[in-house]
Amino acid sequence: YAVLSSVLCIAVSLATALALKTVRRGGSVYQTFLLIPLTVPAPVVIILWRALFEPSSGAVNGILGSLGISPQGFYESPNQAMLVLVAMAVWTSMGFWTLVFLSGLNSISSEIFEAADLDGAGAFRRLFRITVPLLRRSLLLAGVVLMSAGLIVFIPAQLLTMGGPGDATNFLMYSAAEDVLRYGQPGSANATVPRTKAKPLAHASNAVSDCRQLSTKRGRSSG
């Protein structure tokens with residue numbers, strides 16, 4: 001869950017930021033709409049997602065039915081439940097990270113892209129040879145934060161799927177809460193929670209170390 005939601009959120013946010021970069025009019029309006037998911041409380045998001053993906057009477061299955069597609073189980077299906085939670089995480093977070101990436105894109109000098117155009121670089125080459133390397137710090141930050149959030153996710157699993165169906169969404173933090181609240185096993189929960197916290201701390205430490213190395217290399221090259 002953590003890896004999938006992080007990768008998809010970064011990819012969608014970067015693609016949206018690149019699209020907004022080309023907008024000449026109304027860009028601020030689109031940016032405002034992107035921030036709306038951040039203002040919605042988590043329980044309200046759960047209610048919205050339940051209304052959209054309700055297997056029996058949800059809006060998405062209604063649209064699929066009009067297209068001749070059989071109803072899907074969504075969060076009641078072991079194969080689709082985690083994907084529904086991943087989609088929720090991407091929708092909630094993509095607005096913020098789109099603005100972060102857009103800010104990074106605006107800080108890149110247009111002369112770099114003009115020089116690439118003169119050299120005949122295509123869109124694919126400019127993306128992976130110019131844009132992504134120059135946004136590496138923002139991408140690294142997004143990866144660390146999103147992975148950390150994914151490893152300690154609890155509310156969606158608690159309110160929407162209850163860790164199911166089966167163990168499809170029985171994430172580590174949800175499992176720790178179940179050990180304490182349902183089974184009265186705080187020892188097992190204490191063994192799980194440090195494990196979920198240690199991974200984000202390790203990723204954050206590596207990210208800070210990488211950023212320091214980049215800054216040192218830049219300082220030496222400028223000197």
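Predicted model: local features only at pLDDT ≥ 70, side-chain atom pairs only at ≥ 80, totals over all residues.
1. The surroundings of N61 may be described next. The side chain of N61 reaches the backbone nitrogen of Q72 at 2.8 Å. When residues up to four places away in sequence are not counted, N61 touches L52, E54, P55, P71, Q72 and F74.

2. Two packed helices are described by the angle between their axes and the distance between the axes. For helix 4 (residues 42-53) and helix 6 (residues 81-106), the angle is about 130° and the axes are 11 Å apart. The two helices are therefore oblique to each other. The crossing of helix 4 and helix 6 is right-handed.

3. Which residues bring helix 4 and helix 6 together? From helix 4 come V45, I46, L48, W49 and F53, and these meet V84, A87, M88, W91 and T92 of helix 6. By class, this contact has 9 nonpolar residues, 1 polar residue and no charged residues.

4. The residue T161 belongs to helix 10, which covers residues 155-161.

5. The side chain of T161 makes a polar contact with the side chain of T169, at 2.7 Å. Neighbours within four places in sequence left aside, T161 is in contact with Y75, L85, P156 and T169.

Terms used
Residues numbered from 1 in each chain as written. Heavy atoms only, no water. Polar contact = N/O pair within 3.5 Å; in protein donor to acceptor, adjacent residues only side chain to side chain. Contact = heavy atoms within 4.5 Å. Axes fitted to C-alpha atoms, helices over the stretch in contact; angles between N-to-C directions. Helix = DSSP H or I, 4+ residues; strand = E, 2+ residues; numbered from the N terminus. Parallel < 35°, antiparallel > 145°, perpendicular 65-115°, else oblique. Left-handed = near helix turned anticlockwise from the far one by under 90°. Nonpolar A, V, L, I, M, F, W, Y, C, P; charged D, E, K, R; others polar.
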